[in-house]
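These are my notebook entries on one structure. I record what I looked up, in the order in which I looked.

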Amino acid sequence: MAIFPTDRPRRSRLVITGAAGGIGKMIRGKLDHIADEIVLSDLTDVSCSGNERSQTCDLADLDAVRALLKGGGDVLHFGGQSTEAPFERILNANLIGSYNLYEAARLEGVRRVLFASSNHVIGFHPRETLLDADSPMRPDSLYGVSKVYGEGLAHLYHDKFGIESLLLRIGSCFKEPSDRRQLATWMSPQDMIHAIERFVMVPRLGCPVVYGRSNNSENWWDNSKTDYLGWNPQDTAEVFRGKVEAATEVPSPLDPAVKYQGGAFVTADHPGTKEE
Ligand SMILES: NC(=O)c1ccc[n+]([C@@H]2O[C@H](COP(=O)([O-])OP(=O)(O)OC[C@H]3O[C@@H](n4cnc5c(N)ncnc54)[C@H](O)[C@@H]3O)[C@@H](O)[C@H]2O)c1
């Protein structure tokens, strides 16, 4: 963990939404050096260890989200719909859910949120384009659009109320990369932990966009505008290249899922209204 002379001290409270999910499982039990109390939240109870405790909360219920954030602390907002889905699901979990999260933060005095955004806010950019924090959004799905909305909320609550957010556009945060695209987009669990440490400790956060990827040889995303955070990913997907290439076919370069950064999301069925 990088510690700078001006870093914020250990926090008294850290709240994690979506704690039962894939990323939640990988970070649970590994953050006790950051905060005195860690509140794990999801739709159902989450098993706890050490200084963790569980509090259930449906993000679509503002009163429940207010109860979760009563007592303040920093928030890791991982909860919500994490793939493409019918609009109603996205509406409740991601649109209403993120609104409730930021409203509750404002009302309960939370000052810092890590917003789990996604590479799918820029999924329709070609892979040859090196993107940075100021690149235009090109969402590849209703899911991606919901993350555009979440990033917009984060900016509003920063500019109007001073609530700081890290807009972490996560690539593919899994134990290891499982396909060729993930050789570029993979973010290791340990690099996620480091990003969370810097989110909590950096003295002035603001509301920056950061692409969540490890130090991969193939790279579509430039994070140099956020060097001030002190986040330097250490892992690389390259160590898995042989295994991934042996297990997967060479895809056609003409496949839109290969041409565009969003991969399979750009060709996935649109879950819109069906014609009668
Ligand atoms: N894993 C990745 O590689 C990746 C990539 C890009 C973005 N993200 C984002 O990071 C976050 C975490 O990803 P993940 O892979 O752990 O997702 P996940 O689907 O495994 O976990 C999401 C969790 O949110 C909870 N949830 C859903 N709706 C809820 C609601 N209404 N109220 C409360 N909780 C609710 C679910 O129960 C689940 O446990 C998501 O917001 C996702 O969009 C993840």
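I began with a term: a polar contact is a pair of N or O atoms within 3.5 Å; within protein, one atom must be able to donate a hydrogen and the other to accept it, and residues adjacent in sequence count only if both atoms are side-chain atoms. I noted that this is a predicted model, in which local features need pLDDT of at least 70 and side-chain atom pairs count only at pLDDT 80 or more, while totals for chains, interfaces and linings use all residues. Residues are numbered from 1 along each chain as its sequence is written, and side-chain values use heavy atoms, with hydrogens and water left out.

The side chain of D42 has an N or O atom 2.6 Å from an oxygen atom of the ligand. For I23 the atom concerned is a backbone N or O, at 2.8 Å from a ligand oxygen. I then asked how much of the ligand the protein buries. The ligand taken alone exposes 820 Å², of which the protein buries 83%; the areas come from the Shrake-Rupley method with a 1.4 Å probe, and for residues only the protein chains shown count as cover. Two or more residues of the shell come from each of α1 (22–27), β5 (112–118) and α4. I recorded that β5 gives the most, with three residues. Helices (H or I, at least four residues) and strands (E, at least two) are DSSP runs, numbered from the N terminus. The shell has 25 residues, and I23, D42, S82, Y143 and C173 come nearest; a residue is near a molecule or strand if one of its heavy atoms lies within 4 Å of it.

Entry on aromatic rings. My search of the whole structure gave seven aromatic pairs. Rings of Phe, Tyr and Trp (its six-membered ring) pair if their centres lie within 6.5 Å; planes under 30 degrees apart count as stacked, over 60 as edge-to-face and the rest as tilted. Both Y157 and F161 lie in helix α4 (residues 142–161), four residues apart, about one turn of the helix. Y157 is buried at 4% relative accessible area, whereas F161 is partly exposed at 34%. Buried means under 20%, exposed over 50% and partly exposed in between, with a 1.4 Å probe and protein chains only.

I next took W186 and F240: their ring centres are 5.3 Å apart and their planes stand at 75°, so the pair is edge-to-face. W186 lies in the loop between α5 (182–185) and α6 (189–201), and F240 in the loop between β7 (209–212) and α7 (241–247), so the pair ties together parts that are 54 residues apart in sequence. Both W186 and F240 are buried.

Ring pairs also link Y102, Y157 and F161 into a cluster.

Entry on cysteines. I counted zero disulfides, a disulfide being a pair of cysteine sulfur atoms within 2.5 Å. C57 is buried, with 7% relative accessibility.

Entry on Q55. I placed Q55 in the loop between β3 (52–54) and α2 (62–69). Q55 is buried, at 18% relative accessible area, and its side chain makes a polar contact of 3.2 Å with the side chain of R53.
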